[in-house]
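Subject: Handover of a structure and notes on it

Dear colleague,

Please find below the structure I am passing on to you. My notes follow it, arranged by region.

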Amino acid sequence: MTQQMMTTLAQRLKTVQTQITDSAKACQRNPADILLLAVSKTQTIEAVKTVAEAGQVRFGENYLQDALPKIHSLSDAGFNLEWHYIGPIQSNKTRAIAENFQWVHSVDRLKIAQRLNKQRPLHLPPLKICIQVNIGNEPQKAGVSAEELNALATAINPLPQLELHGLMAIPPASSNTQQQHAAFAALRQLFENLPQTGTLDTLSMGMSHDLDVAIAEGATMVRVGTAIFGTRN
Ligand SMILES: *Cc1c(COP(=O)(O)O)cnc(C)c1O
């Protein structure tokens, strides 16, 4: 990675941080209430390291095989990074996810939650999770339906090695701002109707192209890949 590329990554990170601050102020929210998750899927260890050196601590990954080398090689680098699993979860991957990540945003069925609970090492704090909701009811997309959400949350809450923090969604692709607002507002409504546990604090919504709208609708964590790392190949 050249010095030029490293400078660009640091600048893009700064631009995104500024965008979050500006969006928050525009809707009278405290910028400190919106956390930035840098989505580093498909990016190199060097790119993640550069962004970590620029001060970023939370990183999101979708593919286990792609994530583990980064997690391992950056674990002793003194950064104290926080790794969030945000991709689809296959049963045979739950153990490695439970052992290597601090957060999982994409829990959408009880069987997966039970495996994560059982496989989360006891010497680690409970795994922080969000339930992924299929907010647009799209057949090809992951996520529990709005109708089944509270039953799933109720079943997850007693699991001792999991801690439910909130909801995540990837709304239907739309360039219509009103539709974007409506989808995020719907997720927020579901969040407010969850059975209370004392740990609910996270509305994981908004990506590179719609983070302003998500912040206006109450996002507490935005997941940003392209705007920081550039286009993925
Ligand atoms: C890839 C991905 C993102 C980041 O998307 P960008 O458009 O690159 O910002 C966010 N959330 C999830 C679940 C993703 O898979």
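With which side chain does the side chain of His84 make a polar contact? The partner is the side chain of Glu82, at 2.8 Å. Please bear in mind throughout that this is a predicted model.

**His84 and Glu61**

His84 belongs to strand E3, which comprises residues 82-85. With a relative accessible area of 0%, His84 is buried. Setting aside residues up to four places away in sequence, His84 touches Leu37, Arg58, Phe59, Gly60, Glu61, Phe101, Trp103, His105 and Met221.

Glu61, one of these neighbours of His84, is part of strand E2 (residues 58-61). Glu61 likewise has a relative accessible area of 0% and is buried. Its side chain makes a polar contact of 2.9 Å with the side chain of Lys70. Beyond the four places on either side in sequence, the residues that Glu61 touches include Ser40, Lys41, Asp66, Ala67, Trp83, Tyr85, Ile86, Gly87 and Phe101.

**Helix H3**

Lys70, the polar partner of Glu61, is itself one of the buried residues of helix H3 (residues 64-73), together with Leu64, Ala67 and Ile71. Viewed down the axis of H3, these buried residues lie within an arc of 130°, so they line one face of the helix. Their cover includes helix H2 (45-53), strands E2 and E3, and helix H4 (94-100).

**The ligand site**

The residues that surround the ligand are Val39, Lys41, Asn62, Ile86, Ile170, Met207, Ser208, Arg223, Val224, Gly225, Thr226 and Arg232.

- A side-chain N or O atom of Arg223 is 2.8 Å from a nitrogen atom of the ligand.
- A backbone N or O atom of Gly225 is 2.8 Å from an oxygen atom of the ligand.
- A side-chain N or O atom of Arg232 is 2.8 Å from an oxygen atom of the ligand.

On its own the ligand exposes 390 Å², and the protein buries 91% of that area.

Does the length of helix H7 agree or disagree with what its residue count predicts? At 1.5 Å a residue, the 16 residues of H7 (residues 177-192) should span 22 Å, and the end C-alpha atoms are 23 Å apart, which agrees. Gln180, Ala183, Phe184, Leu187, Leu190 and Phe191 are buried in H7. Down the helix axis these residues fall within an arc of 115°, so they line one face of H7. Among the elements that cover them are helix H6 (146-156), strand E6 (162-168), strand E7 (202-204) and helix H8 (211-216). At the start of H7, a side-chain oxygen of Asn176 comes to within 2.8 Å of the backbone nitrogen of Gln178.

In H6, the buried residues are Leu149, Leu152, Ala153 and Ile156. They cover an arc of only 100° around the axis, which puts them on the same side of H6. Glu147 and Ala151, on the other side of H6, are exposed. The buried residues of H6 pack against strand E4 (103-107), helix H5 (110-119), strand E5 (127-132), E6 and H7.

Apart from its neighbours within four places in sequence, Ala216 is in contact with Cys27 and His181. By way of contrast in position, Ala216 and Pro195 are separated by 21 residues in sequence and by 24 Å in space, C-alpha to C-alpha.

Where does Cys27 lie? Cys27 is in the loop between helix H1 (3-26) and strand E1 (35-39). Cys27 is partly exposed, its relative accessible area being 24%. Apart from neighbours within four places in sequence, Cys27 is in contact with Ile215 and Ala216. Cys27 and Glu217 are 190 residues apart in sequence, while their C-alpha atoms are 9.1 Å apart in space.

With kind regards

Technical notes:
Residues numbered from 1 in each chain as written. Predicted model: local features only at pLDDT ≥ 70, side-chain atom pairs only at ≥ 80, totals over all residues. Heavy atoms only, no water. Helix = DSSP H or I, 4+ residues; strand = E, 2+ residues; numbered from the N terminus. Expected span 1.5 Å × (residues − 1). Buried < 20%, exposed > 50% of the residue type's maximum accessible area, 1.4 Å probe, protein only. Arc of directions from axis to C-beta. Contact = heavy atoms within 4.5 Å. Polar contact = N/O pair within 3.5 Å; in protein donor to acceptor, adjacent residues only side chain to side chain. Near = heavy atom within 4 Å. Areas by Shrake-Rupley, 256 points an atom, 1.4 Å probe, with all protein chains shown as cover.
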